[in-house]
Amino acid sequence: MKVVFFLLDAFKEEYLSEDITPFLFEKAKEGKHIKKIIPSAGFCERTEIFFGLRPKESGFFTAIGFDYEKGLYKNLWTLNFFGWIENVISYLAIVLLKRKKNIIDKYCHSILLKIYLKFFGTSKKLKPYKIPLSFLSYFNLTEDEFDLYKRDEINSKKSLFKVVEEFKGRTYIDAFTSLGGISNGDDENRIKLAIEASKNVENVFIPIYISISDSAGHYHGPNSERLKSELLKLDSLLQSSVEKFSEIDSSTKFLFLGDHGMTEVVKDIDVKMKISEIAIKHRLKTGTDFIYFLDSTLLRMWFFNDKSRNIFSEEIKNDSSFNENGIVINADVSSKYYLPVGDRKYGDLTWWANEGVLIFPDFFHNDKALKGMHGYRPDTQSTYGTCIVWDEHKVNDEVEKLELFQVYDLINNLLKD
């Protein structure tokens, strides 16, 4: 018996339809359908699924965190020099050519990064993305700093991989992905690898990462015709894949998990510009007084003195744009959403965008504003994923909702059956 686990990134219940996803729609009726999967806050779903832990319990909230001691670009004078050039050009852009600042920043960063990579290479684990060059030495991966597949436990919670090992079986991991690992091609290629791996009787747990619902939702929108077209093709691919897995082992159990939803972007906010304006107004310098990180829905700041901390705290508190479009994470918010408390890794000050508000540009995207995003507060319909468990026995069961970290128990039980 095998468990094949399709992680359908950003696939939600609304995508189940006789017209768009007829195969998955049928499996949802025949098998166990958990209508709503409620994700935890942040961007560390792998830890939730494979260890059954929420951010407060695992210590993981965002994919990249402040970690100067372990920074993979630490003490590279060449990078710091390029970062200095980038900062000077960015300063001149906002003072002299404010309307074109983001365009100048974009091309300046791209050119300097290409020169740096050509002569000095990059970290094998943490890609530079669009992080300002002078900031790179401060950051490291969080959940993907370590190989999750080789960790037996986190906070005394045993991993699913360890559970499989105790059953004298193996997890085939090459069809999955992480920020610190390789992607092994596109969705179709990863499925092919998984099908071939299923011929080995020792491979009893086979997780497969499927990206198209996430990427199409980001770039075309969660309600777009392009997304519907991609989902129809994905549905056909999943149907043929299940048939092939079942031919190899008819007792195979399948789990299709949409780990979170996708929200339509209705407004974007240039947080980078606002931070630059506050810094110039109060003569504060990045690297000396503060640094920051821009996720698509989170502004995170770190302060190196009380002056910068007090100024930014006050400015953001009194700024109408920040107040209308998001909230500052405090103790009450952290408690409500089970966020890590007191861990500087995730910021001395963190501002969280409201549903549908996009930080743009951010440190991953600066070419074109996205039309769909996730990572909002996980208590609204658009953030929910969905889940289907199916095998030849066709249990025909429907569950209203389950939290994402509880999928760990769901998979654990499938492995034990």
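## Before you start

The model is predicted, so local features need pLDDT of at least 70 and side-chain atom pairs count only at pLDDT 80 or more, while totals for chains, interfaces and linings use all residues. Residues are numbered from 1 along each chain as its sequence is written, and side-chain values use heavy atoms, with hydrogens and water left out.

Helices (H or I, at least four residues) and strands (E, at least two) are DSSP runs, numbered from the N terminus.

## Two partners of helix α9

Two packed helices are described by the angle between their axes and the distance between the axes. Here axes are lines fitted to C-alpha atoms, for helices over the stretch in contact, and angles run from 0 to 180 degrees between N-to-C directions. Angles under 35 degrees count as roughly parallel, over 145 as roughly antiparallel, 65 to 115 as roughly perpendicular and the rest as oblique.

Let's take helix α7 (residues 187–197) to begin with: its axis and that of helix α9 (residues 225–248) come within 10 Å and cross at roughly 10 degrees. That is why α7 is described as roughly parallel to α9. On the α7 side, E188, I191, A194 and I195 meet L237, S241, K244, F245 and I248 of α9, where contact means heavy atoms within 4.5 Å. By class, this contact has six nonpolar, one polar and two charged residues. For these classes, Ala, Val, Leu, Ile, Met, Phe, Trp, Tyr, Cys and Pro count as nonpolar, Asp, Glu, Lys and Arg as charged, and the others, Gly among them, as polar.

Helix α8 (residues 212–220) also packs on α9, at an angle of about 170 degrees and with the axes 9 Å apart. Because of that angle, α8 is roughly antiparallel to α9. I212, S213, A216, G217 and H220 of α8 make the contact with R226, L227, E230, L231 and L234 of α9. Five nonpolar, three polar and two charged residues take part in the contact of α8 with α9.

## Buried helix residues

Residues are called buried under 20% relative accessible area, exposed over 50% and partly exposed in between (1.4 Å probe, protein chains only). Helix α14 (residues 407–416) is mostly covered, with seven of its 10 residues buried; they are V407, Y408, L410, I411, N412, L414 and L415. In helix α1 (residues 22–30), the buried residues are F23, L24, K27, A28 and E30. Their cover includes β1 (3–8), β2 (32–38), α9, β9 (253–258) and β18 (385–390).

## Two residues up close

H109 sits in helix α5 and counts as buried because its relative accessibility is 6%. Leaving aside neighbours within four places in sequence, H109 is in contact with E86, Y129, K130, I131, P132 and L133. G65 is 44 residues away from H109 along the chain, and their C-alpha atoms are separated by 21 Å.

K274 belongs to helix α10. With neighbours within four places in sequence left aside, K274 is in contact with I269, D319, S321 and F322. The C-alpha atoms of K274 and F205, 69 residues apart along the chain, are separated by 47 Å.

## A pocket and two cavities

Rolling a probe the size of a water molecule over the atoms shows where empty space is left. On a 1 Å grid over the protein atoms alone, a cavity is a set of points where a 1.4 Å probe fits but cannot get out, and a pocket is an open set with protein on both sides within 12 Å along at least five of seven lines; lining residues have an atom within 4 Å of a point. Grid points are joined across faces, edges and corners, and a volume is the space filled by probe spheres set on the points.

The second largest pocket holds about 580 Å³ of space. Among its 24 lining residues, N87, S90, Y91, L284 and T286 are the closest to its centre. Helix α4 gives the most to this lining, with seven residues. By class, the lining has 13 nonpolar, five polar and six charged residues.

The whole structure has two cavities of 30 Å³ or more. About 90 Å³ of space lies in the largest cavity, and of its 13 lining residues P39, H260, H374, G375 and Y376 are the closest to its centre. The second largest cavity has a volume of about 50 Å³, and α2 (45–51) and α3 (55–58) each supply at least two residues of its lining.
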